[in-house]
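Here is a short briefing on one protein model. Look at the sequence and the structure first, then read the points below.

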Amino acid sequence: MEVKSRWQDIFDNLVEHGFDVYSPSTKVGECKEPYIVVKNNGSNRYRNYSTDEDLYSIMCYVPASKYSNLEPMIQEVKKAMKVLEPMIMPYGMQTPSFYDDSYKAHTVSIVYKNYKKML
């Protein structure tokens, strides 16, 4: 029996909501249409509890000429991610937009968290 990871839950949820989603290092070339990369951002111990706080970045990309589409895309991603609450919650961190010349795209990263018992 295959156990799904929280990363896979995020990935599948965004696909189900109609986004073009990739894992890190799989999307190559110039950004011609909006897309998302879902990345595991590591984990931290949560306070003094026997719990880890796993972090995930949802990286939103829009073509260089479509900067005005970035904010609406971010809002749609946040709306889609509400389906996974309370299992996966907003971390309260969103990067400023920046231009990634290697992909000819504007991008923003939104961070989400999941708590799990330490093994």
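**Overview**

Along the sequence, the protein follows the pattern α-β-β-β-α-β-β-β. That gives two helices and six strands. Helices (H or I, at least four residues) and strands (E, at least two) are DSSP runs, numbered from the N terminus. The model is predicted: local features need pLDDT of at least 70, side-chain atom pairs count only at pLDDT 80 or more, and totals for chains, interfaces and linings use all residues. Residues are numbered from 1 along each chain as its sequence is written, and side-chain values use heavy atoms, with hydrogens and water left out.

**The whole chain**

- The protein has 119 residues, and 38% of them are buried. Buried means under 20% relative accessible area, exposed means over 50%, and partly exposed is in between (1.4 Å probe, protein chains only).
- The protein exposes about 7300 Å², and carbon and sulfur atoms supply 53% of that area. Accessible areas come from the Shrake-Rupley method with a 1.4 Å probe; for residues, only the protein chains shown count as cover.
- Take the contacts with a separation of 6 or more: residues 24 or more positions apart account for 60% of them. Contact means heavy atoms within 4.5 Å.

**Two helices that pack**

- Two packed helices are described by the angle between their axes and the distance between the axes.
- Helix H1 covers residues 6-16 and helix H2 covers residues 70-81. They pack at an angle of about 115°, with their axes 10 Å apart. Axes are lines fitted to C-alpha atoms, for helices over the stretch in contact, and angles run from 0 to 180 degrees between N-to-C directions.
- H1 passes H2 in a right-handed crossing. A crossing is right-handed if the near helix is turned clockwise from the far one by less than a right angle, and left-handed if anticlockwise.
- Which residues of H1 meet H2? Ile-10, Asn-13 and Leu-14 in H1 meet Val-77, Ala-80 and Met-81 in H2.
- The residues of this contact divide into five nonpolar, one polar and no charged. Ala, Val, Leu, Ile, Met, Phe, Trp, Tyr, Cys and Pro count as nonpolar, Asp, Glu, Lys and Arg as charged, and the others, Gly among them, as polar.
- The buried residues of H1 are Trp-7, Asp-9, Ile-10, Phe-11, Asn-13 and Leu-14.
- Gly-18 follows H1, and its phi is positive, near 90°.

**Nonpolar cores**

- In soluble globular proteins, nonpolar side chains tend to be buried together.
- A nonpolar core is a set of buried Ala, Val, Leu, Ile, Met, Phe, Trp, Tyr and Cys residues joined through side-chain atoms within 4.5 Å.
- The largest nonpolar core has 23 residues. Those with the most contacts inside it are Ile-10, Leu-14, Ile-36, Ile-58, Cys-60, Val-77 and Met-81.
- The elements that give two or more residues to this core are H1, strand S2 (35-45), strand S3 (51-63), H2 and strand S6 (105-117).
- Which element gives the largest share of this core? H2 does, with six residues.
- Leaving aside its neighbours within four places in sequence, Met-81 is in contact with Ile-10, Asn-13, Leu-14, Ile-58, Ile-88 and Tyr-112.

**A buried charged residue**

- Asp-54 is found in strand S3. Is Asp-54 buried or exposed? At 7% relative accessibility, Asp-54 counts as buried.
- Not counting residues up to four places away in sequence, Asp-54 touches Gly-42, Ser-43, Tyr-112, Lys-113, Asn-114 and Lys-116.

**Loops and backbone details**

- A cis peptide bond joins Glu-85 and Pro-86, with omega about 5°. Pro-86 is found in the loop between H2 and strand S4 (89-94).
- Ser-25 is not a glycine, yet its phi is positive, about 70°. Ser-25 lies in the loop between strand S1 (21-22) and S2, and is exposed, with a relative accessible area of 76%.
- Lys-104 is not a glycine either, and has a positive phi of about 55°. Lys-104 lies in the loop between strand S5 (98-100) and S6. At 32% relative accessibility, Lys-104 counts as partly exposed.
- Glu-30 is found in the loop between S1 and S2. Leaving aside its neighbours within four places in sequence, Glu-30 is in contact with Tyr-103 and Lys-104.
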